[in-house]
Amino acid sequence: MSKFITKVAGHARNELIGLFNPNRRHDDPEEKKADEIREEIRNGHRFRSFAEEREGNFVKWHIDGHDYMWAVSELIDNAKECIFILDWWLTPELYLRRPPAKYPEYRIDRLLKRKAEQGVKVHIIVYKEVTQTMSMSSAHTKKTLTELHPNILVLRHPDHIGAKDSIQFWSHHEKVVVVDNHFAAIGGLDLCFGRWDTHTHPLADAHPTNFDLTLFPGQDYNNARVLDFQEVYNYASNAISILETGRMPWHDVHMTFVGPSVLDVIQHFVERWNEVKKRKHREEANIPWLALPHDVESAPNEAVAQHPTREDWHKVGHQYKQRFHSHFHSESPHDDPEEHRYQKIPEPSKYSCKVQVCRSISDWSHGYLTENSIQQAYIELITNAEHYIYIENQFFVTNTVEGQSITNQIGRALVDRIIKAAKAGEKFKVVVTIPEVPGFAGDIKAASAVQTILAAQWRGINRGGNSIYEKIREAGYEPMDYIRFFHLRSYDRINAPYESFIKKMEDASGVKFSEAQVALAREWIGDPSLLADNYQKEVAIKFTTPNKEGLVEGKDTGKIEKIPIPESKEAARDTIRKFERGADSIRGDEDVSDSVAQHMLRDRTGLQDEKWLGTEEEELNAYVSELLYIHSKVMIVDDRKVIMGSANINDRSQKGDGDSEIALVVEDHDMVDSTMDGKPYQVARFAASLRRKLYREHLGLISPQICDGNDHSHNDFIRPAPHANPNEMDKDLDHKVADPISDATWELWTTTASTNRQIFQECFKPVPSNLVRNWKAYDNYVPKVKVGHVAPDITLSHLKERLSLVKGALVEAPLDFLIEENDMVTGAEWTALNPTLPIYI
């Protein structure tokens, strides 16, 4: 008891120290001098970033999780000395290559264990979540990975109670991987559940006659709009029914790159590692200090030479190799054959990108004075835009005036630039794509978090008195001529005709579908002898409950039962095969597609050609629709400049003293002839090729990305830098979207978005919708059906006829949704005195 009292007293004392002396790391002369040096360095750089602009980088974009996670698996698999990972959420059981049945060795924990056994040192920092409100279990991440091998070290930060640095609101939000101090990855994709996806974005993953085709094992089959992740340490469990609930597809972008800017990413990681070491693990010898790898003798003019703690860290910290200062630019390779992979390949001319690293950090996250160079970069890039801006982001929370609860001025920069173009009579376009609804579970009417974020976005876009649209109209111009907002939405068909097929398979085989799922989970878990004593021994499976009256969006029915996992892999495999053979005496299933989402893209066949061997009613009930969640954090300006990273457009990410973030500003010198508004114009290959591919995916102008283990989805898009992306800029379909502000491209974009919106609205009646202007209309509009299923009174033939016209996932943003509920965007809750508002904005 006395130890407990002492511990509690110590926690209370630490809390008081942190509360009454928040400036304690910046108040003595030595600390003030260090702050002055860092500020002097920042003052000499564009955007007041800690990092300078560096030439000679090879940067490669990756769209969606399939391509990026394959690339990062290759980087990690080739590691020789060290791996750094900085992540908001890292799932040890995440499969980086899929189907998992074909690539079991590319699960993160198995891959890192293999590298650690080869002598590679692995350093990981993950965000330590507020366990009362968040479900990612960084404790499970740390325990699982550190028990694999002593070479794997995992730090969690920050603490939330009982520490001098207790943090309740903010998170470490970066998504960074660095391998051998040479190859790096930065973008929007966490290495965790829910992020892996293909360009096809299937909602369905039921494979009754071939479980080996499963793409989203266990909790990776998720729909955050229906139910948040539950007990992620029981990773093989699935709390939503794969037979009736579509998953929420995930769109994202990331980069891999090679070049001297990798050193700035390493600096960011080493600073964070040492700060967490100092605060939480100072006396733990097994957790080393890290030294900056920079060779200041070879590069004495670099800003890092002035770094106030560089020499101290050099004395006590472990220093891994770097190859940029010593011989990266040398024409002759190093004598060591292993060093050949670090040379400029394929050729130096491909290292054509100027890169600057920007970040959002502050005292709580980094031990430094606040830096918000990401926001400064956004504002300056917008201000200097000449013709066009394309934005993809998870959020759009911003302001056009100062002195209010939302402080970032990205919205103001957009207004100023648009009004400048309007006054000059210039054609200028801004295209913004964001999710239809924030990715939180629950009915919009009942979910306060969803309402708050939606209202915050509307206050920035078109309501509340100081929005972008209102400010442009005040200046005498029509905002829709200059800036438009869009979402993404998808549909699919779940291959789950229960009464006519699956139940008969159960009867014929003597194995329930749920039991086969559990047996598959046994394969996902792996060999229990290689795991800790607390490895998962049972699986939670969702059993649906019939509900003839349907249910309102955001709710779910059914019971969850826990089923023991087979003790051996052989028993599990036998159970699966027994169930699959249950179809032998009934019918084949080869002609029935397990997903039809490919028909939103340029497939060889059409939706009307798809076969279905169950009843018409079963097929009608098998169709589902869901928002395609946009998690990207990217802005492309004039097809020449790109900023991409982990930062959302909201105060949490942009103000610097909120969430910690990192981003790259990329300017490629490899210029390509193109047009802008029909006039000759040179674009940068990196920026233009990325924007065009995003347009083509959203418009359905790419081929489906089928991932069935036959390797036909493999190409150089999935290889990490310095392997170049294939050149598609000479293709006819690329030419359709090459000029982003031409009348033809604009007509294609807006017409597709309008048509798709009308079809989804007719067939599924999703919200938000412009037909719903107040809560009374909401109650009357939302269909009483299972989440995402077809609206009442729609026939199967009409449904298929309409859905066959959907091209891509692009839909208009219904900005009049709930527009008559003025109290949502006004009132006392939007003052700076609201203590909970910063959580959401």
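**View 1. Phe-513 and its ring partner Phe-211 in the predicted model.** Phe-513 is buried, with 4% relative accessible area (buried means under 20%, exposed over 50% and partly exposed in between, using a 1.4 Å probe and protein chains only). Phe-211 is likewise buried, at 4% relative accessibility. The structure holds 24 aromatic pairs (rings of Phe, Tyr and Trp, the last by its six-membered ring, with centres within 6.5 Å; stacked if the planes are under 30 degrees apart, edge-to-face if over 60, tilted for the rest). Phe-211 and Phe-513 form a tilted pair, with 5.7 Å between centres and 50° between planes. This pair links distant parts of the chain, 302 residues apart: Phe-211 lies in the loop between strand E6 (183–187) and strand E7 (250–251), and Phe-513 in helix H14 (residues 513–525) (helices are DSSP runs of H or I with at least four residues, strands runs of E with at least two, numbered from the N terminus).

Residues are numbered from 1 along each chain as its sequence is written, and side-chain values use heavy atoms, without hydrogens and water. In this predicted model, local features need pLDDT of at least 70 and side-chain atom pairs count only at pLDDT 80 or more, while totals for chains, interfaces and linings use all residues.

**View 2. The aromatic pair Phe-396 and Phe-485.** Both Phe-396 and Phe-485 are buried.

**View 3. Charges over rings at Tyr-368 and Trp-70.** Arg-38 lies over the face of Tyr-368, 3.8 Å from the ring centre (CZ of Arg or NZ of Lys within 6 Å of the ring centre and within 35 degrees of the ring normal). The charged end of Arg-97 sits over the Trp-70 ring, 4.0 Å from its centre.
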